[in-house]
Amino acid sequence: MSFIQSIILGIIQGLTEFLPISSSAHLVPVPYLFKWNIPESQVFPFDVLVQIGTLVAVIVYFWKDLWTILKAFFNGLVQRKPFEDANARMGWYLILATIPAGLAGVLLKDKVEAAFNSPKLTAVFLLFTALLLLAAEFFSRRNRKMEGIGWKDALWIGGFQALSIFPGISRSGSTMTGGMTRNLDRQSAARFSFLMSIPVMTAAGIMSVVDLFEVPGRASFLPKILIGFLAAMVVGYLSIRWLLSFLTKRSLVYFAAYCILLAAVVLIVAGVRGEQTLAVVPEPSATPVAQGGL
């Protein structure tokens with residue numbers, strides 16, 4: 001992997017991890033479309049570091065919310081009143097919303113890993129992301145705020161997050177769809193989506209870093225992929241900020257149209273080349289268990 005490739009893939013990860021267009025739908029096809037032969041020994045360390053980069057981005061952006069939730073959560077446990085405070089309840093809802101994806105990762109591990117080797121299948125799942133976004137726009141009233149979320153909402157949204165273990169199904173897109181189909185407004189659905197990504201990404205990051213120490217020769221290419229980490233972190237922070245502002249006035253239809261266009265390009269190129277598999281960089285935050293880890 002070159003410095004340029006690392007920067008480009010880091011930027012793509014930072015943009016697409018939080019925008020509802022699927023990071024795997026970009027990180028899988030981009031090396032394929034440009035015929036980059038990235039050594040498998042570098043794919044996993046890069047995957048781990050860019051994942052941690054976007055995790056740092058979302059934690060930095062929401063650190064005030066996180067501190068408030070964590071403080072209320074642990075105060076509730078100490079006082080033996082875990083559900084009395086609204087912020088403490090939000091902490092429990094975020095945990096509850098994480099469970100379905102973890103279970104799906106365990107049960108579908110082999111199928112998920114096989115799907116990450118197919119650009120055509122990734123494109124098909126990207127079309128499914130477009131359908132989810134359109135459903136969110138046309139089948140929701142969007143008259144609720146995040147403060148009104150209950151346990152049923154959290155479990156419902158968590159079920160949508162479980163869909164995103166497959167490459168091409170956007171984690172943020174599916175979870176925002178889940179929130180909006182429970183009639184959350186766009187911004188509230190997005191904020192809950194970003195917050196609920198933190199437990200999943202943290203679990204994946206911790207377990208993947210442990211595995212990273214077993215990768216042979218990692219020190220030789222670590223400086224190159226650290227550039228990707230920095231790119232993912234900075235661009236991830238900016239993409240969160242931009243999307244929350246965008247959603248105050250505009251809909252998800254624009255992202256649905258983009259997903260359809262990208263899927264069409266990948267399917268056309270794959271059809272012309274007649275290739276079925278490629279080396280991939282998986283979408284870490286969507287497949288916690290399937291990647292040995294989210």
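Which residue forms a salt bridge with Asp185? In this predicted model, local features need pLDDT of at least 70 and side-chain atom pairs count only at pLDDT 80 or more, while totals for chains, interfaces and linings use all residues. Residues are numbered from 1 along each chain as its sequence is written, and side-chain values use heavy atoms, with hydrogens and water left out.

The partner turns out to be Lys145, with the closest N and O atoms 3.1 Å apart. A salt bridge here is a side-chain nitrogen of Lys or Arg within 4 Å of a carboxyl oxygen of Asp or Glu. This pair links distant parts of the chain, 40 residues apart: Asp185 sits in the loop between H10 and H11, and Lys145 in the loop between H8 and H9. (Helices, H or I, of at least four residues, and strands, E, of at least two, are DSSP runs numbered from the N terminus.) Asp185 is buried at 14% relative accessible area, whereas Lys145 is exposed at 53%; buried means under 20%, exposed over 50%, and partly exposed in between, using a 1.4 Å probe and protein chains only.

The whole structure holds six salt bridges. Another one pairs Arg186 with Glu137, at 2.8 Å between the closest N and O atoms. Arg186 belongs to helix H11 (residues 186–212) and Glu137 to helix H8 (residues 119–138), so the pair ties together parts 49 residues apart in sequence. Arg186 is buried, at 16%, and Glu137 is buried too, at 9%.

Then there's Asp153, which meets Arg182 in a salt bridge (2.6 Å, N to O). Asp153 lies in helix H9 and Arg182 in the loop between H10 and H11, so this pair ties together parts 29 residues apart in sequence.
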